[in-house]
Amino acid sequence: MATNGEEQQTQAGRHQEVGHKSLLQSDALYQYILETSVYPREPEAMKELREVTAKHPWNIMTTSADEGQFLNLLLKLINAKNTMEIGVYTGYSLLATALALPDDGKILAMDVNRENFELGLPSIQKAGVAHKIDFREGPAMPVLDQLLEEGKHGTFDFIFVDADKDNYLNYHKRLIELVKVGGVIGYDNTLWNGSVVAPPDAPLRKYVRYYRDFVMELNKALAIDPRIEICQLPVGDGITICRRIS
Amino acid sequence: MATNGEEQQQQQTTQAGRHSEVGHKSLLQSDALYQYILETSVYPREPESMKELREVTAKHPWNLMTTSADEGQFLNLLLKLINAKNTMEIGVYTGYSLLATALALPEDGKILAMDINRENFELGLPSIQKAGVAHKIDFREGPALPVLDQLLEDGKHGTFDFVFVDADKDNYLNYHKRLIDLVKIGGVIGYDNTLWNGSVVAPPDAPLRKYVRYYRDFVMELNKALAVDPRIEICQLPVGDGITICRRIS
């Protein structure tokens with residue numbers, strides 16, 4: 001386990017190292033999981049995309065490798081075929097998803113920034129799964145509203161939301177209708193670097209403090225939403241898995 | 001986040017062998033974070049029967065063996081997501097994960113549950129009966145290996161949707177040899193305690209309880225073996241004391 005000095009450093013705002021943001025008791029434990037169970041199994045294409053992303057200045061936004069592995073396995077377990085992703089960045093979770101779907105699987109992927117996606121696209125193409133992806137540049141809300149107008153209720157098996165935390169509840173209002181009954185919505189970053197339990201005087205980065213309230217509000221709302229069953233997993237920065245039941 | 005002094009003290013306490021408090025064994029950065037998950041997302045959703053079983057178990061001297069509430073919730077959801085119907089559990093104790101499983105299966109779902117100790121199971125059985133799901137459970141007292149060997153002799157290969165192993169760590173690989181044939185292709189085996197209180201990364205001089213140190217080697221060996229087993233895809237989740245979910249692919 002890490003020395004006290006290391007622990008203090010990690011607590012002071014972890015959203016700064018790719019592959020080292022974890023909610024676990026020590027970075028050593030997190031590395032153990034990565035090195036024992038994740039990296040040996042990571043597809044080459046995903047490793048490549050991860051390394052490309054590591055060089056990018058906003059790399060704190062990326063999905064971590066343990067999360068990618070979890071999503072990939074979950075999608076196979078639920079036999080997902082038609083999925084959606086809100087928030088793509090360079091595409092690590094998108095690639096994890098595309099690799100899990102059958103050959104005629106489809107992913108509607110939205111992000112306000114196409115440039116970042118284009119950094120990861122070569123790896124996705126090399127993996128032979130780019131054809132499953134329908135990428136839309138721009139905000140997601142209008143797309144969701146349009147889908148509902150077109151009557152696409154209950155047509156998605158799985159939806160992954162890894163985007164602007166102050167809009168999660170607005171997304172949820174729409175996604176709860178778009179995902180099928182028995183389908184899954186995954187909300188990312190719901191433990192927000194552990195800051196959900198930070199005392200009022202804790203030193204937090206501005207954006208961490210700003211979005212924290214939204215994250216905590218989301219968690220409360222999901223906990224009492226009778227249309228879903230939930231499970232809040234300490235994978236990555238915290239993913240809440242929601243299964244629609246009505 | 002807690003002050004540095006508190007964190008240091010907490011870290012020291014947590015490092016000295018956490019298998020000591022029911023509901024507080026977690027692999028997370030702080031007990032506060034773990035409590036947050038429990039209080040925000042787990043307890044409000046916990047079925048009454050599971051809460052009752054948990055409280056009965058808390059009074060038992062060996063309660064550190066119990067499945068935690070976050071783990072129970074995860075198993076319950078996983079089983080629903082994979083539409084499990086025919087399952088197995090090795091290691092029952094008072095039956096918390098067994099109840100979580102029984103509640104997730106359809107009315108005609110079945111669980112073959114094995115434990116060397118029926119007395120502990122009988123502590124939880126009233127809660128299971130009250131929940132109306134006891135009929136799904138076939139409890140066998142005794143070691144599991146002979147039962148598994150018999151199942152294979154009876155030709156029950158590939159007949160289980162889900163198997164949960166929460167038992168003697170020095171036998172996990174022996175169970176695995178058999179379970180890999182008993183679970184169906186596309187089915188799931190879950191191995192519990194694979195992060196073993198975080199001791200998998202403890203330095204050689206760390207103060208560990210005797211049984212923690214003893215079983216640690218077996219746990220680490222299991223983790224390595226699962227990682228290279230080509231017949232499964234895995235995911236090692238830091239839920240509870242660490243569950244490794246294995247999906248059989250061949």
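Q: How many salt bridges are there between chain A and chain B?
A: In this predicted model, the count between chain A and chain B comes to two salt bridges.

Q: Which side chains meet in one of them, say the one with A:Lys76?
A: The partner of A:Lys76 is B:Glu233, and the two side chains meet in a salt bridge with a distance of 2.8 Å from N to O.

Q: And how many residue pairs are in polar contact between chain A and chain B?
A: Counting pairs in which both residues are at pLDDT 80 or more, there are 19 residue pairs in polar contact between chain A and chain B.

Q: Which parts of chain A supply the side that touches chain B?
A: Several elements of chain A each supply at least two residues of that side, among them helix 1 (4-11), helix 2 (27-38), helix 4 (65-77) and helix 9 (206-224), and strands take part as well, including strand 5 (179-188) and strand 6 (228-233).

Q: How do the residues on that side of chain A divide into nonpolar, polar and charged?
A: The side of chain A that touches chain B has 31 nonpolar residues, 14 polar ones and eight charged ones.

Q: OK, and how many residues are in contact overall, and what area is buried?
A: On the chain A side 53 residues are in contact with 54 residues of chain B, and the area buried between the two chains is about 4800 Å², with carbon and sulfur atoms giving 62% of that area.

Q: You listed helix 2 of chain A, so is that helix enclosed or open?
A: Helix 2 of chain A is largely enclosed by the rest of the structure, because 10 of its 12 residues are buried; among the buried ones are A:Leu29, A:Tyr30, A:Tyr32, A:Ile33 and A:Leu34.

Q: Is A:Cys231 buried or exposed?
A: With a relative accessibility of 2%, A:Cys231 counts as buried.

Q: What about B:Cys235?
A: B:Cys235 is in no disulfide either, as the nearest cysteine sulfur, that of B:Cys246, is 9.7 Å away, and B:Cys235 is buried at a relative accessible area of 2%.

Notes. Residues numbered from 1 in each chain as written. Chains lettered and ligands numbered in written order. Predicted model: local features only at pLDDT ≥ 70, side-chain atom pairs only at ≥ 80, totals over all residues. Heavy atoms only, no water. Contact = heavy atoms within 4.5 Å. Buried area = accessible area lost by both parts, 1.4 Å probe. Salt bridge = Lys/Arg side-chain N within 4 Å of Asp/Glu carboxyl O. Polar contact = N/O pair within 3.5 Å; in protein donor to acceptor, adjacent residues only side chain to side chain. Helix = DSSP H or I, 4+ residues; strand = E, 2+ residues; numbered from the N terminus. Nonpolar A, V, L, I, M, F, W, Y, C, P; charged D, E, K, R; others polar. Buried < 20%, exposed > 50% of the residue type's maximum accessible area, 1.4 Å probe, protein only. Disulfide = S-S within 2.5 Å.
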